Amino acid sequence: MTTSRASIHGYWSSRVMFVFAAAGSAIGLGNVWKFPYMAGESGGGAFVVLYLICIALLGIPVMMSEVLLGRRGRSSPINTMHVLAREENRSTSWSLLGAMGILAGFMILSYYSVIAGWTLAYVVETVSGTFSGVSSEEVGEVFNQLVSDPWRLLFWHTLFIVLTMVVVIRGVRKGLEMAVRLLMPILFTLILVMVAYALVQGDFYAGLKFLFTPDFSKITPDVVLKAMGHAFFTLSVGMGAIMMYGSYLPDDASIGSTSLQVALADTVVAILAGLAIFPIVFANNLEPGQGPGLIFNTLPLAFGHMPGGMFFGFLFFTLLVFAAWTSAISLIEPAVAWLIERFSISRITSSVICGLVTWAVGLGTVFSFNHWNRIKLLDGTPLAGKSFFDLLDYLAANIMLPLGGILICVFAGWVMSEASSRDELRLKHSCVYGLWRLLARYVAPAGVILIFLHVLGIF
Ligand code: PHE
């Protein structure tokens, strides 16, 4: 029994395109920019181990549940939850889950776009030869100059939002599919080139040791929370992006194997990014825990000294822009689709509205690195000391995505009847279905709740 619902927004042309698009959403700044700097700040190996556990036990079941709900509901997360709750005779307040996801999407994209803007700026810096033969101090200076100039940040942020909206306006097939099909394989190859460089020129052993020797004394409740939040962030789950993409998935595709492929590709890219960056960090005595500037302060050093570095640098930052681009689209697509469904407006109008809102919120992040860098919000609370950017990232990635993730699992595992989920997942082996159900019903919700309680000091 498949449901007869249809998506008014279109479909992927094939199962493979869904994998590409979902991998395009998952693989982005999270893997190349955020993973290395978070691992660097949180003690390396210990963070990596926790992150991998969270991917396997929490991220993958949430991803499968999200695709499952999306394909069954075939509309934006708000309406999908509404329809599915009604189908199961439950309260339609479940649609609030979709609304929280849309809010998280706006929050994330607003700063994601500013960081993608740094990447755009670095494309220009590399081709203009800024990094040829530079020292690590000079590289640091280039970065500081960029982030302390709000006008430059604003320019690149605006450009990135415009680029994102252009693809969203073109819709599922003409916009998204075209972009990801070509770019993802090239990015992957280029990261391998960077790893090879790090192997030859960097302190590869120190990098490996840092990433894979867990020092468990480094694990604090906050590190656990960050590793969990990052697992959700990097897989793009917990806010409805994957649910939205699932709603464009053809009926005959297997949800289990596509989800696994996406999660695997995402994890491999993150680890490779770590292996490209940390050997350079250690070979040049740079600080692994320096925060969000990490890749911008390390990779240009490699490009500045390798043969053909200008070309590789240009290619690398360009592809990183593309990786960010395919993720940004998925952050905003649920909101765009919902506005279309709710107000019967055109895709163009809806995209423009969403773009403007995100752009405006992004100004807060632009100023977080200069005018407002001394303003730390929420003094006297556990969130003290965070800038506007830190706060948005913390709330969205570490709180809202995991919370959204458990609610998705609770819906798919408890609210939805076994017949419906079995029918939609159509897993070949009954034991695989059993494993998914165990993880979605018990392990993932309990894991997230225990981590939340741990951070609150209750457990
Ligand atoms: N997964 C993306 C990345 O790693 C970011 C993202 C988060 C995209 C949530 C969509 C939803 O860059």
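Start by selecting the shell around the ligand: by class, this predicted model puts six nonpolar, eight polar and no charged residues there. (Ala, Val, Leu, Ile, Met, Phe, Trp, Tyr, Cys and Pro count as nonpolar, Asp, Glu, Lys and Arg as charged, and the others, Gly among them, as polar.)

Next, pick out Ala26, Gly30, Tyr112, Phe233 and Ser236, which come nearest of the 14 residues around the ligand; being near takes a heavy atom within 4 Å.

Now look for polar contacts, meaning pairs of N or O atoms within 3.5 Å. A polar backbone atom of Ala26 is 2.9 Å from an oxygen atom of the ligand. At Ser25, a polar backbone atom is 3.3 Å from a nitrogen atom of the ligand. Click on Ser236 too: one of its polar side-chain atoms lies 2.9 Å from a ligand nitrogen.

Then colour the helices (DSSP runs of H or I, at least four residues, numbered from the N terminus). Helix H1 (15-26), helix H2 (29-41), helix H10 (221-235) and helix H14 (309-343) each give two or more residues to the shell.

Finally, zoom out. The chain has 18 helices and zero strands, a strand being a DSSP run of E with at least two residues. Its C-alpha trace spans about 65 × 50 × 45 Å along the principal axes.

A note on the numbers: residues count from 1 along each chain as its sequence is written, and side-chain values use heavy atoms, without hydrogens or water. Local features need pLDDT of at least 70, side-chain atom pairs count only at pLDDT 80 or more, and totals for chains, interfaces and linings use all residues.

Technical notes
Polar contact = N/O pair within 3.5 Å; in protein donor to acceptor, adjacent residues only side chain to side chain.
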